[in-house]
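Here are my notes on this model, point by point. Please read them with the structure open.

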Amino acid sequence: MAVREDADQLVRSTDSQHPANLICELCRKFYTLGWVTGTGGGTSIRHNDHIFIAPSGVQKELMQPTDMFVMDYNNRQYLRKPTTLKPSACTPLFLAAFDRGAGCCIHTHSQWAVLVTLLVERDFGTKACFEIERIEQIKGIPKGRGKAGNLGYHDSLRIPIIENTAHEEDLTESLEKAMEAHPDTYAVLVRRHGIYVWGDSVQKAKTQCESLDYIFQLAVEMKRLGLP
Ligand SMILES: CSC[C@@H](O)[C@@H](O)C(=O)COP(=O)(O)O
Ligand SMILES: [Zn+2]
């Protein structure tokens, strides 16, 4: 499919909730949290049949709505392609989340996420998991896809961990395997790299990402203090 001549209409809007505006605003917020520094990390939004994708290798906190790529979800063709930019290397991973019903997927390089991947032993294959219980904030995480409500205080939170690869796109297969092995998860940690978190909506992806980051920081500090 040819790139549409009116493609700018897809990203220009005065509505602050338009996906192209939201990605820029979210990444500015995430930068202040250390989630998307040094061009790492990013965010993608699915709105109906349109996927909004940030460019690759740019300062994510300085992006403008007109920097966004727009993909047709059904045929995976670009409807809008800024000529001097390349789409995020995370695109196939974002698509894996959208294929499982997500409306938004956030990738962070949060140091708390990286640190917890170093606290959990490797060599568990698809079973490698960060696990925590009896922390109030796990109530911010949904029970699972197709299940009503969030985890309760007495539930355990499990987040699978996959091994990092030299190139972001090569993570796709193991991310999809982890998603299949853990059908209830809304996040996958990438060892020595960061995390992918997705949600049914932008608001859910953001708040789940915030809850997880809080929990990871707590887990790292608990370990440092020698607490069980
Ligand atoms: C600091 S470079 C990080 C990248 O290799 C990658 O891990 C990343 O998260 C962002 O990729 P990008 O293609 O810029 O969207
Ligand atoms: Zn990354």
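1. I53 faces F69 of β3. The two strands concerned, β2 (residues 50-53) and β3 (residues 69-72), run antiparallel and are joined by four bridges. Strands count as paired if DSSP finds at least two bridges between them. Helices (H or I, at least four residues) and strands (E, at least two) are DSSP runs, numbered from the N terminus.

2. This is a predicted model: local features need pLDDT of at least 70, side-chain atom pairs count only at pLDDT 80 or more, and totals for chains, interfaces and linings use all residues. Residues are numbered from 1 along each chain as its sequence is written, while chains are lettered from A and ligands numbered from 1 in the order in which they are written.

3. β3 also pairs with β4 (residues 78-80), antiparallel, through two bridges. Here M71 stands opposite Y78.

4. C90 sits in the loop between β4 and α2 (91-98). An unreviewed UniProt entry places the feature "binding site" there, at C90. Such annotations may be inferred rather than shown by experiment; positions follow the numbering used here, and feature names are shortened.

5. Is C90 buried or exposed? C90 is buried, because 23 other C-beta atoms lie within 10 Å. The cut-offs are 20 or more for buried, 12 or fewer for exposed, and partly exposed in between, with C-beta atoms placed from the backbone.

6. C90 touches G42, H107 and E168, leaving aside residues up to four places away in sequence. Contact means C-beta atoms, placed from the backbone, within 7 Å.

Note on methods:
Two residues are in contact if their C-beta atoms, placed from the backbone, lie within 7 Å.
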